[in-house]
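I opened a notebook page on how two chains meet. My entries follow the order in which I looked things up.

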Amino acid sequence: MFDPLDPLLHSQLRLAVMSLLMNVEEADFNFIKEKTKSTSGNLSVQVNKLKDAEYIQVDKTFKDNYPHTTCKITDKGIDAFESYLNALRSYIKPTD
Amino acid sequence: MEQEKLKVEESLNIISEMVNSSKYNLSEDKGIYLMWGYAVAISAIIHYILQFHLEFKEAHYVWLSMPVLGVINTVYFARKSKKKKVYTYIDRALSYIWLGFLFVILALLVISPQFGMNVVYPIFMFLYGIATISTAGIIKFKPLAIGGVISVLCGIVAAYLNFEYQILLLAFAIVCSFVIPGHLLKNTK
């Protein structure tokens, strides 16, 4: 039986953002943009969706007078990511 | 883009690509590591020559090189953290190990008049051992762990020797735990 995949994570950019944040303590918006090769507009929409779902925490501060946005995965986000991985696993199990 | 349905395989590719792209770069701080290694080794050898061959009483002033390097080190990391776009678990683990190391070294220097330098020197080598072995484990770099073990062994031997030979052992320990592993770190930039 295939497990349902979390629609919030089963999207290219959102999954990329979550995978990146799983691996680090925190990352700034430009770092995520660079690594995921996305545009600011699209990334900011997807980041907001993840934030609304409480999968990530977004902090906006100022660094040398420039706005500076950092993202961090939450415990809820880690749980969601792990469930997503487990669900994926059910798709790749050998069918014998 | 937003509505597209991903294939399972694609999902796995995205995950592994992102995980790889945020890996810690081992060689990033190679220069600073080598700077400390060479400075301590050279200072120890100068100390040894000045005190035991030229009989210069104030030979220990050579260690004033350390606060100077401390300033360079602080400026380097302050600049780096300004530019830093990502902070990993490894960054945090390493910075706390070396911060703890620094505090204990300073504490030992403060109490050294009470016990004498010849008691404190072997402990310095044990400390190099702890810090380099834990760093080696975190960044998965074996030569550093071997260097750390050699440092600890040098510390044991040093405990039975005169100060004269302790200084030389300190230089040897630092060459094994800093200089050699530092040069073995691959340039991945």
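How much area is buried between chain B and chain A? I found about 2,600 Å², of which carbon and sulfur atoms give 60%; buried area here is the accessible area (1.4 Å probe) that two parts lose on being put together, summed over both.

I noted that this is a predicted model, in which local features need pLDDT of at least 70 and side-chain atom pairs count only at pLDDT 80 or more, while totals for chains, interfaces and linings use all residues. Residues are numbered from 1 along each chain as its sequence is written, chains are lettered from A and ligands numbered from 1 in the order in which they are written, and side-chain values use heavy atoms, with hydrogens and water left out.

I then looked up the contact (heavy atoms within 4.5 Å), to which chain B gives 25 residues and chain A gives 33 residues.

Next I searched for salt bridges (a side-chain nitrogen of Lys or Arg within 4 Å of a carboxyl oxygen of Asp or Glu), and the rule finds 1 across the interface of chain B and chain A. A:Glu25 forms a salt bridge with B:Arg92, and their closest N and O atoms are 2.7 Å apart.

Last, I turned to the strands (DSSP runs of E, at least two residues, numbered from the N terminus), which pair if DSSP finds at least two bridges between them. Strand 1 (residues 26–28) of chain A and strand 1 of chain B run antiparallel and are joined by 2 bridges. I recorded B:Val86, in strand 1 of chain B, as the bridge partner of A:Ala27.

Conventions: Helix = DSSP H or I, 4+ residues; strand = E, 2+ residues; numbered from the N terminus.
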